[in-house]
Number of protein chains: 2
Amino acid sequence: MSEKPLAIGIDFGGTSVKTGVVRGHEIIDQAPPIATQDFDSPGELMQTMIRTVEDLRVRHGSVRAVGIGMPGFVDFEKGVVFGLTNVRGWENVPLREELQAKLGLPVAADNDANCMAYAEWKLGAGKGRRHLVCVALGTGVGGGIIANGQMLRGAKFAAGEIGQSSIDYQGRKGHYGNLGALEDYIGNREIARDAIAAYEAAGITKHIEDCSPAALAEAAKLGDKIALGCWDGIGRMLATAMMNTCWLLNPEAIVIGGGVARAGDLLFTPFREHLLRQLSGPFKDDLAILPAAFGHEAGTVGAAALALDEAGL
Amino acid sequence: MSEKPLAIGIDFGGTSVKTGVVRGHEIIDQAPPIATQDFDSPGELMQTMIRTVEDLRVRHGSVRAVGIGMPGFVDFEKGVVFGLTNVRGWENVPLREELQAKLGLPVAADNDANCMAYAEWKLGAGKGRRHLVCVALGTGVGGGIIANGQMLRGAKFAAGEIGQSSIDYQGRKGHYGNLGALEDYIGNREIARDAIAAYEAAGITKHIEDCSPAALAEAAKLGDKIALGCWDGIGRMLATAMMNTCWLLNPEAIVIGGGVARAGDLLFTPFREHLLRQLSGPFKDDLAILPAAFGHEAGTVGAAALALDEAGL
């Protein structure tokens, strides 16, 4: 068999834009990250992205396609960015068209969570599954859905927003007016805030300085009961949202990634228990619950893989 | 164009099995219903179903296929019934194989809510949509999902169970151990029970004899504030579950049917308000919220349409 084709994957984040040369599931070379907020307009940032890609192509002449994962809503068919969550100015930007014209390569642009899901589906923990739900737990909670062996993007390419789905119809009011959004309970910041409240309620102040998920995981590993209680609660709330995706979509597998998932069994054990306890036979028999295979590189690898597949390469 | 082919649709319910001859979206002839609970075994009931179909074929010789909607889990590809919710003995019954052998016609068997959704998608309110969520509100709350222009059945053909999805992670304990299942709030019986509790809490006894959804709709139309409050609550809880399907699937349209939906604007107005208030642009712009086109006949018509499509007729 011939060597797998090279592609460039771009992981466009609210803080930095990371660009890598990808072969299969590996990033074989990387450009220095671009600081997203240094740019006042999409046009300037796009110029810098184009230069960055061209620099990498000098070293890797056989790059065949470019994929980009964007933190917001993208018209996947047209390659137009509707708007980004934390980056101003990106309204109705014909990203794919502009990059294709300048680079002379096929370009694919999709939502970043979809790119992560694509990496897990094509090359990672959910490889080859026909029915798969992927979720990434970080500052935000994002997701991607594969159903009937296809990426499920929906009417306006916005599907997979598991973090905005509700776990409590009378719950906290979220960014979009939605009550009880999962992200408003188990996003990074909310985990820390709720942990601080739990320590305060117990009259314990020693842990309050750092209640990040990483610090909470350390405390729990040392047997801290409040930290353990926090992880049980996180697992329970995540289980409710994922249970809902199971009743709706009946997936074969659930893949969980993102920084919060690095807590490992502290998260997966209560998650699994709360989830399986609330599902009937055809929904839980043979259901695989898997940690993501990719870490921070998921978006880059997934964008590259998507670009090659869309170009038929 | 030639006339549409005839098919027989069977709507297998916990109380009765209804069999009709269908042309397009119309039931042109019907057999007397079979009382489901009169039979001790699947074998005997299947014999009666076969006789019923054969009787109809005497009058309608050009019937080309038979479709059956079952109230439970069906392996759609193999046509095997795993188990039914309210009918004993239907475990691992090779329904399609047996009927095909006896009838000499192509047979399709699917979950009843999927058949209803199929009718709405192919011939009803959601006709021709590529991304559609259908929900039927009755004693149970069932659903069917169309994504990427295909019925979404999932790994074990059990997808679409919107009624089992949770609206409250700390809520009521449901049949499958799931907390906060929508059906446990807005199923027929739960609507009545909660309405009685609301009247009692207000010290009003005149309505307590009949708090069925139909009676509650009558009371609300006369301006009864408690009944109006009940409908707002039902709309709100339904909105949470459907909002979750929107964030996950980004459908073009939502179709709502079943007996409870006959309340019309009493349900649809609060539902629409609570739903749209909790969704962002790409999820709510152009989202169609539609009453089902079919009533009780949805299952029969959908099963017949599905059978013809599956047989390539």
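What rotation and what shift along its axis superpose chain B on chain A? In this predicted model, local features need pLDDT of at least 70, side-chain atom pairs count only at pLDDT 80 or more, and totals for chains, interfaces and linings use all residues. Residues are numbered from 1 along each chain as its sequence is written, and chains are lettered from A and ligands numbered from 1 in the order in which they are written.

Chain B is superposed on chain A by a rotation of 180 degrees, with 0.0 Å of shift along the axis and an RMSD of 0.0 Å. Contact requires C-beta atoms, placed from the backbone, within 7 Å. Within chain B, B:Asp168 comes closest to the rotation axis, with its C-alpha at 2.0 Å.

Chain A is divided into domain 1 (6-118 + 297-310) and domain 2 (128-291). These bounds come from an automatic or database domain assignment. The C-alpha centres of the two domains lie 28 Å apart.

In chain A, 10 residues of domain 1 are in contact with 12 residues of domain 2. On the domain 1 side, strand E6 (72-75) and helix H3 (112-122) of chain A each give two or more residues. Helices (H or I, at least four residues) and strands (E, at least two) are DSSP runs, numbered from the N terminus. H3(A) supplies the largest share of this side, five residues.

Conventions: Two residues are in contact if their C-beta atoms, placed from the backbone, lie within 7 Å. Copies are superposed by least squares on the C-alpha atoms of residues with pLDDT of at least 70 in both.
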